[in-house]
Each structure stands twice: as C-alpha cells, then as structure tokens.
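Student: I would like to go through this structure term by term. Please set each label against its cut-off.

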Amino acid sequence: MYRSESTDCRINVRAKRVLILSWLLAVGGAVLAPAALAGNSAVQAVQDVLAANKPDPETLLIGVYKELGANHLRTAQEKADQLVEAYPNFRLGHLIRGDLLLMHTRPIKTLGAIDGPQDKLKNLRDEAMVRLKSLRERPDPALIPRSLLQLREDQKHALVVDAKRSRLYVYENHGGRPKFVTDYYISQGKLGVNKLKEGDQKTPVGIYYITSQLSGARLPDFYGSGALPINYPNEWDKLHGRSGSGIWLHGTPSDTYSRPPLSSDGCVVLTNPDLYQLTSSVEIGKTPVVISESVEFVSKSKWDSDRHTAARLVEDWRRDMESRSTTRVMENYSRKFKSDRGEDVKAWLARHLPFMSGVKNLSVKLSDATYFFYPGHDDMIVSTFTEETSVGRSKSLTRKRQYWAKEGAQWKIVYELNI
C-alpha cells in the first residue's frame, strides 16, 4: 500500500511510469479562441469556458506530470482534481484521476486500472496511445509537409491531416513557405482512411477545400460547436468512382470533450475548443485540407527542389501551348490520360485545341498557381493555375487543374479539367 506524501511517499516505479504515460497521452487539450459559432449546448460549453477564464487543460496536465515525477502524489492528485472540475467532460482526464486515486491504495499495472466497460476503456487507451505518439513524433518546425509545394498568395493557411498520428497540423503561408503554427488531436473514420463509397465509415485521402462554415446553432448537438464541410468527392475521386458525401471537420457533443481515434463515420472530429480555434485559420473556398494516411516531412532544400520540378512542368506545358504545335503539346500528356467523359488524350485534345490551327501571335500567361503532391500517390503532382490566353485582341481566362504522374523518368498529365 502506498503511503501519503506527508510520510515520504515512494511511488512504485512501474506505476509512476504508467501515470506519466497517462499524462502524456492526455496532452493535446484546448487552446481557446473566439469564433462566429453559436447556438447549441456544445457551443455554450465552450463559451462558458471562455467566460470563466478556465485554466488551459494542457497546463494542468503538465502540472500533474511534474508533480508525479517529483513523487508528489497528493499534489498531482490536486491538479488532476482541478482538471476534471474545469473540464468535466474530458473522459481521459477522469481516467488519469481515477488511476491517481488508486495509487494511494495499490500498485497500478495498466492505464485505466479502474473498473468499467472494457470497450470504453480500450477507446480511452487508444486515444492515450496516439496522443503519446504524436508528442514523440512532433514535426520539426524546420521541416515542411511534402504535399504543400506552393500556395497562392491569398491562401493564408493550409490544414494537413495525418490519419496515422490522429493529428491535424495548421500551416501558415509565410512568404510562400509553409510555416508550422499549431496542431490538434483528431478522430477519424471507424475503419480508417481511403474512403471508396457511401457508408464505408472511412475518411477520404486527398486534397480538398473548405466549402462552408456551419454554426452550432444550425446543427444537432452531435456535431458540437460547428462544422467545416469539405468538397469530397473531388474531381479525382469522381473520376475513380468514389462515392459518398457529407465529410466535415466538426466538433463533439456537449457531454464529450474528445472522441477515440477511430470513431467517426468518415468525418474529421476535433474537440469543440480546438474547432473554435481552427475556424480563425479558415477561409471558405480558399483553405486547402490535405488528408493523408501518413504525412511525410522534408527539408527545405528537398521542398525547394520538388517545387521547382512542379513549376517547371507547368512552364514547359505553357511554352508548348504557345508554340502552337499540337505535337509538342501532346508530348505533355500520358497515353493513360482519361477525361471525365472517358475520352483518351487524342479525342480530348481534338475537342480542346482546334483553335490553334492557323492562329498567329498566341500568348499564354499563367498566374495564381498552387502545387501539391497528391496524398497516397508518391509521384503525382496536382497543379492549379489561371490561364490567360490571348489571340490578337481577344483574351480568355480559365482556371485549370492538371494531374501530373511520373511515368519512368518523365512526368505526364493523366487528367486535366477546367474548374
């Protein structure tokens, strides 16, 4: 039996490690910020936290860890009590507090030693494990997600979801270079990622955009303080027959601080305070959401090289267009090219390039380009840009998107569309 702190409590080393683990796993709490969401009880809970100026849960958890590491079991217990009092719906916090209470009476051999439903205890342990892993594998701020090659000047932020780590990273467009801002714990589909069809309980992998912002007042409590829908299925998904709809970034019910890692029907779920914070980084129609099974981080030199490659591909295509040579233009396209109508490259180009015949003084200018490596495809670059075509005094503007795949040593366009 453990003695009290006043009698020089000597905590069993193994038990202490379990409790330290418990704390680490719980880290990832909320950083609160105002947002234009209001209405349901989940929203009210967040507003209550703001109004009461409650302590940051992460700060409290750090305090628990420090006190426990110093063998101050009673002080650690007091901080855990403060945590669950301030955030009564933080179930992992309650689990840690329960373990601390048990440590006063007997050794603790596992996280969640309290009695309870095994499925729910497993969910909390799973949440604990991914939270710990995300701390151990926290991205180096000097590294950049490989997928984010170039944002438009007016795209202030990009969101990068790492399903394997149950983490959402926020990057700021800092003079053209993505700069790490913050990250959040997230939940995903019950059956993981790579959504293929309606109802498969998977989260899609791809490049998407925030399409709207729904306030909590317009939603059932299940969605928490609000929702940020994305444009799944995108054009690449549709080309490959992927179905489904209603994929959102949203919050949690008012009685739940956070959900287990694998617990949604395909949406990306954040805590309500985190969703509040995230909305300040989102612009409708502009903010990209890159969802990957696992995010690869690269050095700036590697990122510069990849970005140069993406820009060169599009520039070479532009020059070939300006040359008015159908043969040169066709060399940019893959034999595997397929349009959304099912056309091969010859049929598709025959429909899109007849204006080039007999044209003189053709000018093609490109602007507002974005480049991404497409998640799940190591050798596919998605380029989106505005094309200004001038023939004499006639001008036309088109927003175009190209999917470039690497075939051997060469890059070829496998899909293209006007958006």
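**Strands, cavity and backbone**

Tutor: β16 and β17 run antiparallel and are joined by 12 bridges. The model is a predicted one.

Student: What is the sense of pairing between β15 and β16, and over how many bridges?

Tutor: The sense is antiparallel, over 10 bridges. T370 has T384 in β16 as its bridge partner. This hairpin has six residues between its strands, and G376 in the turn has a positive phi of about 85°.

Student: Why is β16 called mostly covered?

Tutor: A residue is buried if its relative accessible area is under 20%. In β16, 10 of the 12 residues are buried, and the strand is therefore described as mostly covered. For the protein, buried residues make up 53% of the 419 residues.

Student: Which residues line the largest cavity?

Tutor: The lining consists of I207, Y209, N231, E235, T370, F372, Y374, V382, T384, R401 and Y403. β7 (206-209), β15 (362-373), β16 (380-391) and β17 (394-407) each supply at least two lining residues.

Student: How is the lining of the largest cavity divided by class?

Tutor: It has six nonpolar, three polar and two charged residues.

Student: Where is the cis peptide bond?

Tutor: The bond from Y232 to P233 is cis, with omega near -5°. P233 lies in the loop between β9 (226-229) and α7 (235-239). Most peptide bonds are trans.

Student: Why is N71 called partly exposed?

Tutor: Partly exposed runs between the buried limit of 20% and the exposed limit of 50%. N71 has 21% relative accessibility, so it counts as partly exposed. N71 sits in the loop between α3 (57-69) and α4 (73-86). Its phi is near 65°, a positive value in a residue other than glycine.

Student: Why does N194 get the label partly exposed?

Tutor: N194 has 39% relative accessibility, and therefore counts as partly exposed. N194 also has a positive phi, about 70°, although it is not a glycine. Its place is the loop between β6 (188-189) and β7. Most residues other than glycine have a negative phi.

Student: How many helices and strands does the protein have?

Tutor: There are 11 helices and 18 strands. Of the contacts with a separation of 6 or more, 64% come from residues 24 or more positions apart. The accessible surface comes to about 19100 Å², and 49% of that belongs to carbon and sulfur atoms.

Terms used. Residues are numbered from 1 along each chain as its sequence is written. This is a predicted model: local features need pLDDT of at least 70, side-chain atom pairs count only at pLDDT 80 or more; totals for chains, interfaces and linings use all residues. Side-chain values use heavy atoms; hydrogens and water are left out. On a 1 Å grid over the protein atoms alone, a cavity is a set of points where a 1.4 Å probe fits but cannot get out, and a pocket is an open set with protein on both sides within 12 Å along at least five of seven lines; lining residues have an atom within 4 Å of a point. Helices (H or I, at least four residues) and strands (E, at least two) are DSSP runs, numbered from the N terminus. Ala, Val, Leu, Ile, Met, Phe, Trp, Tyr, Cys and Pro count as nonpolar, Asp, Glu, Lys and Arg as charged, and the others, Gly among them, as polar. Buried means under 20% relative accessible area, exposed over 50%, partly exposed in between (1.4 Å probe, protein chains only). Two strands pair if DSSP finds at least two bridges between them. Contact means heavy atoms within 4.5 Å. Accessible areas come from the Shrake-Rupley method with a 1.4 Å probe; for residues, only the protein chains shown count as cover.
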